Amino acid sequence: MKIAIIGTGYVGLPTGVGLAELGNEVVCVDKAEAKIEALNAGKLTLYEDGLEDLFKKNVASGRLGFTLDMKSAVRGADVVMIAVGTPPHPFTKEADMKYIHAAAYELAEYLDGYTVVATKSTVPVGTGDEVEAIIRKVNPEAEFDVISLPEFLREGFAIHDFFNPDRIVIGANSERARRVMLELYKPFDGKTEFLLVNRKSSETIKYASNAFLAMKIHYINEMADFCEKTGADVREVARGLGLDSRIGKKFLNPGPGYGGSCFPKDTNAMAQMGKKYGVHLNLIETTIAKNDERKAMMAKRILDRLENRSEGRVAVLGLAFKGGTDDCRESPAMDIVKDILHENRNVCVYDPKAMGNAKGILTEKVTYAEDAYQACEGAEVVAILTEWDEFRKLDLSKLKAKVKAPKIVDLRNILDAEEARKNGFDYYCIGQAC
Ligand code: NAD
């Protein structure tokens, strides 16, 4: 099939690469000239495990291309996927629909022949109706259906998740559109569950899923606080919880709070939708407030380990919102570093992949190190904020020789407490009485 993907970011790019690998002809279109230029020069614009090889292979085969030109991408496409951003509105915290609306206006005039317009972006309930109305207004003759095709990939695992989805949700009110999508996703027949639902249910499934996962993270963080007071160990508690098949093992790792480009914005958008429809979404609202508080609480936890809060050097290991990605959007590490900088100007940071993105967010004075050991030179406290494997494998005796005071605050519980203490560190983690 011929596919056009509008928006070549964390969702659009892996989706385009994956669909090309399945044998489709894919053109990814974006407004960002630098992005398209880089991709056309064979350079990836974001980091995802396994993406590079497939990207190169499919570009070489001629099945995958990149353009700034909406017309050439959309003309003749069987399916046009909208994968542009839906960031939080700066004041209302609702999903800002300006990119979705603009994409709908721009693509509408180039539709020719029957086309399925699929919204991959995470959008409020009722967006399908809006996109449909825009296209109808711009191009009354167009033969098309608008469907909701929510994306569930996890950053850092985008390629894995593309080829191994838990489910494929197709929110279509038309049988014809459903048939096209079942044809496109035929390679997944028998490998995953297909959910054919109405468009509004599909739009809701995405928000309900992300809000649930955010609540699960908040829940285990709350349990971690409880364990710290009682002497229980949250890792043991999480294991006990997770083995209950009704609960499940995933998303039970306590930490500095959830972040990333999805959970914070989607929980906020969901809470605002609740208000709009007169339904008070208490659990979600509490989760949002407590997650915000948690980041400040974690910064305090790090500063409390300094002899003098305004002087000692702090080493921060990890800036991305989670391991396996270079994405720093809404990363708890960004807020925590900013909070530390507020009291203490002496912070040195390191992340294996996310330094470039962090530089765009941390405008305050921060020192950037070349590696974890350099970041820790002269540090009075080492804070681990992202669960990179590289930090799991730190040579603690080498690290000990670099620091000024041997204190580690491990906000991801990735080090072995006994090993850290054996190497002479005061070790503080989450959810255990330290
Ligand atoms: P992104 O910011 O990485 O990428 C969006 C891209 O769209 C940008 O490159 C931007 O230049 C481009 N764009 C905007 N308007 C355009 C237009 N009119 N024409 C062409 N290009 C345009 O965003 P993302 O992280 O890929 O997220 C996209 C959507 O997918 C969001 O709604 C997000 O909530 C949802 N989502 C994201 C993830 C994730 O892990 N990042 C997972 C599931 C769903």
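1. Between domain 1 and domain 3, four residue pairs are in polar contact, with both residues at pLDDT 80 or more. A polar contact is a pair of N or O atoms within 3.5 Å; within protein, one must be able to donate a hydrogen and the other to accept it, and residues adjacent in sequence count only if both atoms are side-chain atoms. The side of domain 1 that touches domain 3 has three nonpolar, one polar and two charged residues. Here Ala, Val, Leu, Ile, Met, Phe, Trp, Tyr, Cys and Pro are nonpolar, Asp, Glu, Lys and Arg charged, and the others, Gly among them, polar.

2. This is a predicted model: local features need pLDDT of at least 70, side-chain atom pairs count only at pLDDT 80 or more, and totals for chains, interfaces and linings use all residues. Residues are numbered from 1 along each chain as its sequence is written, and side-chain values use heavy atoms, without hydrogens and water.

3. The domain assignment gives domain 1 (2-197), domain 2 (207-288) and domain 3 (290-428); such bounds come from an automatic or database assignment. The C-alpha centres of domain 1 and domain 3 are 37 Å apart.

4. Six residues of domain 1 contact nine of domain 3 (heavy atoms within 4.5 Å). About 670 Å² is buried between these two domains, 45% of it from carbon and sulfur atoms. Tyr10, Tyr47 and Glu155 supply 79% of what domain 1 buries against domain 3, more than any other three residues. Buried area is the accessible area (1.4 Å probe) lost when two parts are put together, summed over both.

5. One salt bridge links domain 1 and domain 3. The term needs a side-chain nitrogen of Lys or Arg within 4 Å of a carboxyl oxygen of Asp or Glu. Arginine 329 and glutamate 155 form a salt bridge at 3.6 Å, N to O.

6. Which residues come nearest to the ligand? Asp30, Lys35, Thr86, Glu155 and Lys265 do, of the 26 around it (a heavy atom within 4 Å). The ligand lies between domain 1 and domain 2, because both give residues to its shell.

7. A side-chain N or O atom of lysine 35 is 2.5 Å from a ligand oxygen. Arginine 329 places a polar side-chain atom 3.0 Å from an oxygen atom of the ligand.
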